[in-house]
Amino acid sequence: MRPIPTGRPRPSALRSTLILVCALLAGCSSRATTTGNYVARGAAGLPKPTMVVVEDFSVNPSAVRVDQGIGGVLRRDVSGTSSADSQVTDADGVRFGITDGLTRAIGGMGLPVQQATAQSPAGPYVVVRGQVLGINEGNRTRRTAFGFGAGKSSVRAAAQVIYIAPGAQPQLLQTYQGSVDSGHMPGLAAGAASAAGGDAAAAVANGGLQVTNAGRADVSAEAKRLGTRMAVNIGGLFAEQGWIPQSAVPRPALR
């Protein structure tokens with residue numbers, strides 16, 4: 001007599017499910033570090049700025065490492081785009097992404113903010129400027145096929161916050177470095193292996209693949225996340241100066 005099914009997932013299915021759940025929690029990784037503080041601790045706060053000006057970060061297209069995998073080469077061949085063209089496109093996209101991420105995040109803290117223009121704001125104001133240190137498209141073919149950090153893309157940048165008051169020398173307040181990458185999401189191989197483990201694992205695998213595909217953002221989107229993450233450190237400085245309440249500073253994401 002055949003045993004009556006209990007309806008419980010097989011051990012292999014449970015293992016596959018746990019693997020995918022852990023992978024989904026990994027997500028993309030972003031971090032920012034304050035590398036220099038030039039404001040004396042305990043000193044009276046500077047007058048509140050009338051505006052925060054976010055400049056476009058400088059970036060040299062030669063700092064861009066384009067996807068050299070078979071998928072990247074084929075995409076450029078089909079579109080008639082050279083590696084140099086891709087470098088310029090990535091540089092522009094990362095520049096816009098960081099500026100957009102910083103501007104939106106700082107504005108959400110309650111301070112007036114704008115992107116840099118030819119005209120300087122009246123009264124004291126703060127400038128956020130920076131440099132993109134590296135852009136790596138990674139290998140999308142490896143990310144898609146294997147995941148878990150294989151072929152991941154990344155963006156690295158440095159930033160400075162400068163206080164400018166009429167009739168005074170610009171004052172450097174803090175410096176930062178930050179990075180973001182595409183993380184350790186599972187790839188197609190992990191999804192296929194999990195799907196073979198049982199119905200429960202297959203359901204998680206399907207969801208995992210959807211999240212992987214949706215979250216496999218290009219370097220422009222990663223740059224926006226980096227700008228948002230660096231704004232957390234900058235917001236901490238603003239709170240220390242008494243320009244915004246501490247509660248206005250968003251908590252950094254776990255990833």
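## Salt bridges at a glance

The structure holds four salt bridges, a salt bridge being a side-chain nitrogen of Lys or Arg within 4 Å of a carboxyl oxygen of Asp or Glu. This is a predicted model, in which local features need pLDDT of at least 70 and side-chain atom pairs count only at pLDDT 80 or more, while totals for chains, interfaces and linings use all residues. Residues are numbered from 1 along each chain as its sequence is written, and side-chain values use heavy atoms, with hydrogens and water left out.

## The fold in outline

Let us start with the overall layout. Seven helices and seven strands make up the secondary structure of the protein chain; helices (H or I, at least four residues) and strands (E, at least two) are DSSP runs, numbered from the N terminus. Along the sequence they come in the order α-β-β-β-α-α-β-β-α-β-β-α-α-α.

Of the 255 residues in the protein chain, 45% are buried. Here buried means under 20% relative accessible area, exposed over 50%, and partly exposed in between (1.4 Å probe, protein chains only). The accessible surface of the chain is about 13,200 Å², with 57% of it belonging to carbon and sulfur atoms; these areas come from the Shrake-Rupley method with a 1.4 Å probe, and for residues only the protein chains shown count as cover. Among contacts (heavy atoms within 4.5 Å) between residues at least 6 apart in sequence, 80% join residues at least 24 apart.

## How confident is the model?

The mean pLDDT of the protein chain is 76, and 64% of its residues reach 70 or more; pLDDT is the predictor's confidence in each residue, from 0 to 100. Confidence is highest in E2, at a mean of 98, and lowest in helix H6 (residues 199-215), at 35.

Two stretches call for care in reading. Over residues 11-26 the pLDDT stays under 50, and the model has 27 contacts beyond four places in sequence for them. Residues 189-217 also stay under 50, with 40 such contacts in the model.

## The salt bridges one by one

Glu55 and Arg129 meet through their side chains in a salt bridge of 2.9 Å, N to O. This pair links distant parts of the chain, 74 residues apart: Glu55 is in the loop between strand E2 (51-54) and strand E3 (64-65), and Arg129 is in strand E5 (residues 125-136). Glu55 is partly exposed at 23% relative accessibility, and Arg129 is partly exposed at 31%.

Lys224 pairs with Asp100 in a salt bridge whose closest N and O atoms are 3.2 Å apart. Lys224 belongs to helix H7 and Asp100 to helix H3, so the pair ties together parts that are 124 residues apart in sequence. Shared partners join Asp100, Arg104 and Lys224 into one salt-bridge network. Within it, Asp100 is buried at 10% relative accessibility, whereas Lys224 is partly exposed at 35%.

## Nonpolar cores

In soluble globular proteins, nonpolar side chains tend to be buried together. A nonpolar core is a set of buried Ala, Val, Leu, Ile, Met, Phe, Trp, Tyr and Cys residues joined through side-chain atoms within 4.5 Å. The largest one here has 41 residues, of which Val94, Ile98, Leu102, Val161 and Phe238 touch the most other members. Elements giving two or more residues to this core are E2, H3, E5, strand E6 (154-164), strand E7 (171-181) and H7, and H7 gives the most, with 10 residues.

Beyond its neighbours within four places in sequence, Val94 is in contact with Val132, Ile135, Val155, Val219, Ser220 and Ala223. A second, separate core has six residues, among them Met51, Tyr125, Val127 and Ile162.

## Two residues up close

Asn233 sits in helix H7 (residues 219-240) and is buried, with a relative accessible area of 15%. Its side chain makes a polar contact of 3.1 Å with that of Thr34. A polar contact is a pair of N or O atoms within 3.5 Å; within protein, one must be able to donate a hydrogen and the other to accept it, and residues adjacent in sequence count only if both atoms are side-chain atoms. Leaving aside neighbours within four places in sequence, Asn233 is in contact with Ala32, Thr33, Thr34, Gln174 and Tyr176.

Ala84 belongs to helix H3 (residues 83-107) and is partly exposed, at a relative accessible area of 45%. Ala84 and Ser62 lie 22 residues apart in sequence and 8.4 Å apart in space, C-alpha to C-alpha.
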